[in-house]
Amino acid sequence: MDHLESLLEDLHRQNQIALNKPKRKFFDRDDVDHPSRRRVFVVVEGLYANYGDLCPLPQLIALKRKYKFRIFLDETFSVGTVGGTGRGVTEHFNIPQASIDLVTGSLEHALGSTGGFCCGSSFVVDHQRLSGVGYCFSASLPPLLAASASKALDLIDKNTALFEQLKTKSELMHKSLSRINGLTVGSWNGSPIQHLRLQKSTGSHQSDSELLNAITNKVLESGKTLFLTSKYAPDETIAPLPSIRVLVNADMSQEELISAADELDQAVRNVLGHA
């Protein structure tokens with residue numbers, strides 16, 4: 001929080017960030033304690049795909065009121081997975097959606113379709129509808145996929161018990177994975193996305209990736225669970241440390257979750273030599 005606040009103070013003093021060529025500044029998602037009187041936009045993920053933790057939205061809202069900046073919230077992985085009825089981090093933190101200037105997300109994950117959505121005030125949405133890249137250079141969503149996304153929304157709206165099941169199973173998976181000696185879980189315990197990284201990094205992204213690949217390959221050879229290491233684009237501005245990403249589904253049984261964690265634990269013992 002202190003780092004973000006310091007960035008905002010700098011921008012406020014310098015009156016920076018022109019609309020035509022904005023400067024990008026990155027802040028740690030856990031450190032939100034920083035925009036100018038002019039156009040400053042803080043862009044955050046609701047549930048971080050590369051870490052599996054939640055953005056500190058209440059603290060961001062407090063800073064927004066202080067520094068008068070705009071929040072763009074990407075709910076790609078939090079819509080359909082987080083909150084009592086799957087409405088994302090605004091619901092999780094009980095924050096009115098009107099407090100967020102722009103909410104975007106994908107229909108490709110929890111909703112099992114393709115394309116995306118953009119929510120905000122009528123002014124913002126009208127601007128996006130006419131000026132967005134998708135409107136100018138892309139085709140419309142095929143009717144079949146639009147209908148499937150709409151049906152998925154209907155289904156989760158009628159079965160909100162799914163989200164408590166998902167949270168309970170995510171917490172169980174987090175607890176099971178946290179017991180594995182040699183790997184560390186840095187994700188929020190209620191997240192359906194769990195990332196495991198080496199407790200002791202080799203100091204090299206390549207070497208860490210090779211060790212994690214060896215672990216997932218060992219699980220594939222001897223178990224019945226498929227684990228894959230996360231892949232990051234070579235031109236990532238700030239590349240996360242290599243990890244094994246584990247996804248939890250509400251339909252998975254407790255036995256399946258515990259069995260998967262046990263298989264991974266055994267593979268870690270074989271590859272890293274931990275007792």
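Let's start at Arg-269, which is partly exposed at 33% relative accessibility. Quick note on the wording: buried means under 20% relative accessible area, exposed means over 50%, and partly exposed is in between, with a 1.4 Å probe and protein chains only. Before I go further, this is a predicted model, so to speak: local features need pLDDT of at least 70, side-chain atom pairs count only at pLDDT 80 or more, and totals for chains, interfaces and linings use all residues. Residues are numbered from 1 along each chain as its sequence is written, and side-chain values use heavy atoms, with hydrogens and water left out.

Back to Arg-269. What does Arg-269 form a salt bridge with? The partner is Asp-265, and the closest N and O atoms are 3.2 Å apart. By salt bridge I mean a side-chain nitrogen of Lys or Arg within 4 Å of a carboxyl oxygen of Asp or Glu. In general, side chains of opposite charge can pair when their charged atoms come close. Asp-265 counts as buried, at 17% relative accessibility. Both residues sit in helix H9, residues 254–272, and they are four residues apart, about one turn of the helix. Helices here are DSSP runs of H or I with at least four residues, strands are runs of E with at least two, and both are numbered from the N terminus.

Is Lys-64 buried or exposed? Buried, with a relative accessible area of 16%. Asp-101 comes out as partly exposed, at 22%.

Now for the rings. Phe, Tyr and Trp rings (the six-membered one for Trp) pair if their centres lie within 6.5 Å; planes under 30 degrees apart are stacked, over 60 edge-to-face, and the rest tilted. That rule gives one aromatic pair. In that pair, the ring centres of Phe-41 and Phe-72 are 5.1 Å apart and the planes sit at 40°, so we call it tilted. Phe-41 is in strand E1 (residues 41–45) and Phe-72 is in strand E2 (residues 70–74), so the contact ties together parts 31 residues apart in sequence. Phe-41 is partly exposed at 35%, and Phe-72 is partly exposed at 27%.

Last stop, the backbone. Lys-68 has a phi near 60°, a positive value in a residue other than glycine. You'll find Lys-68 in the loop between helix H2 (57–67) and E2, and it is exposed at 62%. Asn-94 also isn't glycine, and its phi is positive, near 55°. Asn-94 sits in the loop between helix H3 (89–92) and strand E3 (102–106), and it counts as exposed, at 70% relative accessibility.

That's my tour, thanks!
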